[in-house]
Amino acid sequence: MLITLLLRSFSTSVLGRIWRKLRIPELVRTSLTYKLLTSTYEILSSAAQYSVFLRILRRACNLISSLTSRIDKLVPRWRMSLPLDRLVKILLSPWMLPLGFLLFFWSSMVRVSTSTIVLIYFTALVMASGIFLAYKEEDLHVIDNRGLVTLLGAAMFLLGYVAFIMQVSKVGGLPLLNDELRRGLSPLLNYLAWTTVPGTAFLLSSLKLRRCEAYSLTLIGFIPSFFLAFRTEMIAYILMAIVVLYHRKMVNYKQVFLGLLVAVAFFLGVGAIRSLTTGLAQNPLLSVLYRPTITIAALDTIVRLYALRPVTGGWVHLAALSSLGLIRGTRYGPRTLISIYVGGRRTVSTTATLIGGPLLDWGILGAVAASLTFSYLLALAYRFSKKADYLLGPYSVLFAYLVVGIETGILDINIYLYLLLAVIVLLTSLRPER
């Protein structure tokens, strides 16, 4: 409905008339940059099946396939009233967003105000409404945009690996094994290295890979996120890979559960390694279990102090840019600003769920708009990925970062760009039915 209306009205709008008058599509197609990009894509596409990279992947196929089949046999045959494959489909669908939001709240151990309880359940209802709205988009069809997805995926993957190598060379080691090295990491190189996450998602969804080749590409793409040892990116990567591989029928529901267990193990393991290398005595398991409590408590504090009114007028989100010196404004990061406004210290960062940042910036309207927009776009990508599997890349990127954002919020410049890129690919792949 909404997207169909926007796409249909574009041609008659002022912007659409200017677009046609300036003949922008023709100018783009005849430009040197466009010709260079299309030529590069054609070369990459024709050479991919014969490249050294894919030959290496194929040699690793037999070993990986043998390993995964053995692991799969070790998983018991669970019997439940709700079949596990049905449960997995729900967990990897847009319904995971409102469900995960509620589960995160239920797992917290803090007594919140009545207003916060109403806000949380109302947010879940708004998310469900966004999903229903997206499922009503009937008058759209998908065009073949696979080439763009492959080109973007290859560019992000290569850029991420170059940045990762430069980062490791700069600090002289692997941050996973030496937490002290994290102090010398370049934020810019980190952001660039993490492009391997959406890059791998786009490649897995658009390339015609055999199962073992997809497994190998997934493992190779995980190296930068793993060795840089930032848990958010690691969990987002694992979720992304699970979504794409499952919907492309390259893993089954039992392997998905194994993958989720691996994600938990990495989350706890990295915390344990960092605790040991920094000399901290904290129990990483208790730390993880207490994270929902801290985050929900921060959201409750915002509600108690400001009563769902706008407070910062957008500066929490803009801090993702101003803290890097890209625009004028505060040099504190978004989560440090949240910490300041909930009465915390300026030396720590605080997460306040997916709606904490919008709530501080624009009040209840901001929280509702963010929840509705996120769920709508997520469900729209999911719906049309059923018609064109290359859209699994944009869908998995939206899914992974929104699910992780249930705790952390969407407050980082790199995540802004990943989500924006996924939405642009989605919208440019849709056309109204005639």
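Biologist: How many aromatic pairs does a search of the whole structure find?

Modeller: The search finds 12 aromatic pairs. Rings of Phe, Tyr and Trp (its six-membered ring) pair if their centres lie within 6.5 Å; planes under 30 degrees apart count as stacked, over 60 as edge-to-face and the rest as tilted. This is a predicted model, in which local features need pLDDT of at least 70 and side-chain atom pairs count only at pLDDT 80 or more, while totals for chains, interfaces and linings use all residues. Residues are numbered from 1 along each chain as its sequence is written, and side-chain values use heavy atoms, with hydrogens and water left out.

Biologist: What is the geometry of Phe 222 and Tyr 237?

Modeller: Their ring centres are 5.2 Å apart and the planes are at 35°, so the pair is tilted. Phe 222 belongs to helix α12 (residues 211-228) and Tyr 237 to helix α13 (residues 231-247), so the pair ties together parts that are 15 residues apart in sequence. Helices here are DSSP runs (H or I, at least four residues), numbered from the N terminus.

Biologist: Are Phe 222 and Tyr 237 buried or exposed?

Modeller: Both Phe 222 and Tyr 237 are buried; the term means under 20% relative accessible area, with exposed over 50% and partly exposed in between (1.4 Å probe, protein chains only). Ring pairs also link Phe 222, Phe 226, Phe 227 and Tyr 237 into a cluster.

Biologist: Turning to charges, how many salt bridges does the structure hold?

Modeller: It holds 5 salt bridges, each being a side-chain nitrogen of Lys or Arg within 4 Å of a carboxyl oxygen of Asp or Glu. One of them joins the side chains of Arg 248 and Asp 389 (3.7 Å, N to O).

Biologist: Where do Arg 248 and Asp 389 lie?

Modeller: Arg 248 is in the loop between α13 and α14 (253-278), and Asp 389 is in the loop between α18 (353-385) and α19, so the pair ties together parts that are 141 residues apart in sequence. Arg 248 counts as buried at 18% relative accessibility, and Asp 389 as partly exposed at 27%.

Biologist: And which residue forms a salt bridge with Arg 291?

Modeller: Glu 407 does, with the closest N and O atoms 2.9 Å apart. Arg 291 lies in helix α15 (residues 284-306) and Glu 407 in helix α19, so this pair ties together parts that are 116 residues apart in sequence.

Notes: Helix = DSSP H or I, 4+ residues; strand = E, 2+ residues; numbered from the N terminus.
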